[in-house]
Amino acid sequence: MDQSIFNGERARVWHVSWQLTLGRDLLRWPSLAERIVNRLISAHDAVGRELLFYLVLPREIHVISRLPAGDPPSSLAVGVANVIGKWVRQADGQVGPVFVAPFRAEAIGGIESLCGDIRMLAWRPVSTGLRDAPTNYAYGALRTLVGLSLPGGFRTAPLFDLLGGTVPQDRALIRRVIAEPPTELDVLQWELTKDLVSARGSLGPDGMMTRHVQGAAAALVAASKDKSIDGALRILVRWVEVKLGLQGGHCLSSNGGPQGARGRALVAGLALRSGLCSASSVARHFGRAKATLSEQMTASGARAADQSILSIPMEQIAREAIAIAIAMHAKDGSAG
């Protein structure tokens with residue numbers, strides 16, 4: 001169980017991030033990177049704000065912040081972006097947008113989720129090829145939190161108070177959290193969820209498409225062979241085929257009977273529910289008319305058995321579907 005760290009009446013923990021446009025590089029000038037770190041720290045001087053973690057990369061800035069009620073992440077993010085954007089333009093002499101988006105913010109609801117984000121951020125300099133170990137990176141909070149660097153303005157107390165142990169215990173916890181490096185699958189799923197990369201596919205109205213996916217949809221895209229929306233849909237198709245007792249990897253595409261129609265409607269319902277893609281994209285995937293698929297989805301909504309399937313938590317469906325896909329890939333590989 002993820003221990004709650006959110007009290008709606010007092011404070012909430014947020015992961016706030018900014019991604020720079022192509023061609024910008026915050027580490028081209030070490031003095032600029034240091035100024036940005038100091039700006040992130042000073043932005044939390046307001047009453048009730050607490051900086052729990054920070055990371056500055058060439059094209060990414062991340063903070064994990066505890067903000068009081070009535071202090072939305074936009075208040076923190078806009079002020080930081082305005083100052084840093086001005087500094088970056090002065091440093092590189094380029095006009096135009098500095099950030100891909102004004103900011104991104106995601107609420108963190110528990111200790112497990114907080115530790116998960118700290119783990120991914122700690123390993124981010126390694127996964128992006130900047131360093132060979134998490135603790136070798138200078139422009140992040142990790143070295144201070146594990147006792148390898150002096151604070152330099154960054155206070156470790158807010159995070160340690162949240163974790164609830166003594167300083168040695170909390171440092172040991174952080175070391176355990178970052179002990180296991182994330183896999184490539186972990187990294188891609190996290191990047192998709194944080195909107196650092198977009199899911200791509202070939203099912204848009206004019207062919208190629210991009211989409212921001214999260215949660216189960218991100219897990220399906222990351223686990224697919226070609227890391228695409230198309231591949232994620234194929235994984236969902238296999239899960240539905242197994243659920244309905246159909247055989248073969250292409251049954252739903254070729255089955256013109258009522259079971260095929262039912263299965264395609266279920267896939268579309270799951271794709272919509274997870275945010276993977278639209279019903280139109282599912283119709284293109286199956287080579288069917290959108291109007292026909294919509295009718296079948298309406299009929300599916302009236303069937304208790306289908307509603308029972310659609311009510312299964314998407315995280316559970318994604319886990320089961322990915323396990324089925326991995327097993328099928330292994331079988332295909334051994335057969336070859």
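In what order do the four strands of the open sheet come? They run S2-S3-S1-S4, and the pairing is antiparallel. Strands here are DSSP E runs of at least two residues, helices are H or I runs of at least four, both numbered from the N terminus, and two strands pair if DSSP finds at least two bridges between them.

Quick housekeeping: this is a predicted model, where local features need pLDDT of at least 70 and side-chain atom pairs count only at pLDDT 80 or more, while totals for chains, interfaces and linings use all residues. Residues are numbered from 1 along each chain as its sequence is written, and side-chain values use heavy atoms, with hydrogens and water left out.

S2 (50–56) and S4 (104–108) are the edge strands, each pairing on one side only. S2 and S3 (residues 60–68) share six bridges, and Glu50 has Arg66 in S3 as its bridge partner.

Then there's helix H2, residues 73–92, lying across S1 (11–19), S3 and S4, at about 30 degrees to S1. For angles, axes are lines fitted to C-alpha atoms, for helices over the stretch in contact, and values run from 0 to 180 degrees between N-to-C directions.

Now have a look at Arg24, in the loop between S1 and helix H1 (30–42). Arg24 is buried, at 3% relative accessible area; buried means under 20%, with a 1.4 Å probe and protein chains only. Its side chain makes a 2.8 Å polar contact with the side chain of Asp92, and also reaches the backbone oxygen of Pro97 at 3.2 Å. A polar contact is a pair of N or O atoms within 3.5 Å; within protein, one must be able to donate a hydrogen and the other to accept it, and residues adjacent in sequence count only if both atoms are side-chain atoms.

Note on methods. Contact = heavy atoms within 4.5 Å. Buried < 20%, exposed > 50% of the residue type's maximum accessible area, 1.4 Å probe, protein only.
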